[in-house]
Amino acid sequence: MKELIEAIVTPLVDAPDKMVITELETDKQVTYRLSVDKCDIGKVIGKQGRIAKAIRTVVYAASSNSSKRVQLEIND
């Protein structure tokens, strides 16, 4: 899943080397935290959050086979 998030976000940002994806796993949930450079946060979120919503939709669809709930957080 980390590779999927990285493949989606890397072309959007100007500083892909500063992108960090961390994974926090509990019994029922997996949370991915995406951190990017401050100048790239607007590109990842998009106007009115449209790009962030699209990224989350793809991640949730890819994890539909998993028994755990998947959540994507975008940190600034």
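Is Ile-21 buried or exposed? Ile-21 is buried, with a relative accessible area of 14%; here buried means under 20% relative accessible area, exposed over 50% and partly exposed in between, with a 1.4 Å probe and protein chains only. This is a predicted model, in which local features need pLDDT of at least 70 and side-chain atom pairs count only at pLDDT 80 or more, while totals for chains, interfaces and linings use all residues. Residues are numbered from 1 along each chain as its sequence is written, and side-chain values use heavy atoms, with hydrogens and water left out.

You will find Ile-21 in strand E1 (residues 20-25); helices (H or I, at least four residues) and strands (E, at least two) are DSSP runs, numbered from the N terminus. Leaving aside neighbours within four places in sequence, Ile-21 is in contact (heavy atoms within 4.5 Å) with Lys-2, Ile-5, Glu-6, Tyr-32, Arg-33 and Leu-34. The C-alpha atoms of Ile-21 and Asn-75 are separated by 10.0 Å, and the two residues lie 54 residues apart along the chain.

## How H1 meets H3

Helix H1 (residues 2-9) and helix H3 (residues 50-62) have axes that come within 11 Å and cross at roughly 155 degrees. The axes are lines fitted to C-alpha atoms, for helices over the stretch in contact, and angles run from 0 to 180 degrees between N-to-C directions. H1 is therefore roughly antiparallel to H3, a label for angles over 145 degrees.

From H1, the contact is made by Leu-4, Ile-5, Ile-8 and Val-9, and from H3 by Ile-55, Val-58, Val-59 and Ala-62. By class, that contact has eight nonpolar, no polar and no charged residues.

## The nonpolar core

The largest nonpolar core has 17 residues; such a core is a set of buried Ala, Val, Leu, Ile, Met, Phe, Trp, Tyr and Cys residues joined through side-chain atoms within 4.5 Å. Ile-5, Val-9, Tyr-32, Leu-34, Val-36, Val-44 and Leu-72 have the most contacts inside it. At least two core residues come from each of H1, strand E2 (29-35), helix H2 (41-45), H3 and strand E3 (69-75).

Ile-5 itself, with neighbours within four places in sequence left aside, is in contact with Ile-21, Tyr-32, Val-59 and Leu-72.

## Two loop residues

Asp-40 sits in the loop between E2 and H2 and counts as buried at 0% relative accessibility. Not counting residues up to four places away in sequence, Asp-40 touches Val-13, Asp-14 and Ala-15.

Gln-48 belongs to the loop between H2 and H3 and counts as exposed at 75% relative accessibility. Although Gln-48 is not a glycine, its phi is positive, at about 55 degrees.

How values were computed:
Angles under 35 degrees count as roughly parallel, over 145 as roughly antiparallel, 65 to 115 as roughly perpendicular and the rest as oblique. Ala, Val, Leu, Ile, Met, Phe, Trp, Tyr, Cys and Pro count as nonpolar, Asp, Glu, Lys and Arg as charged, and the others, Gly among them, as polar.
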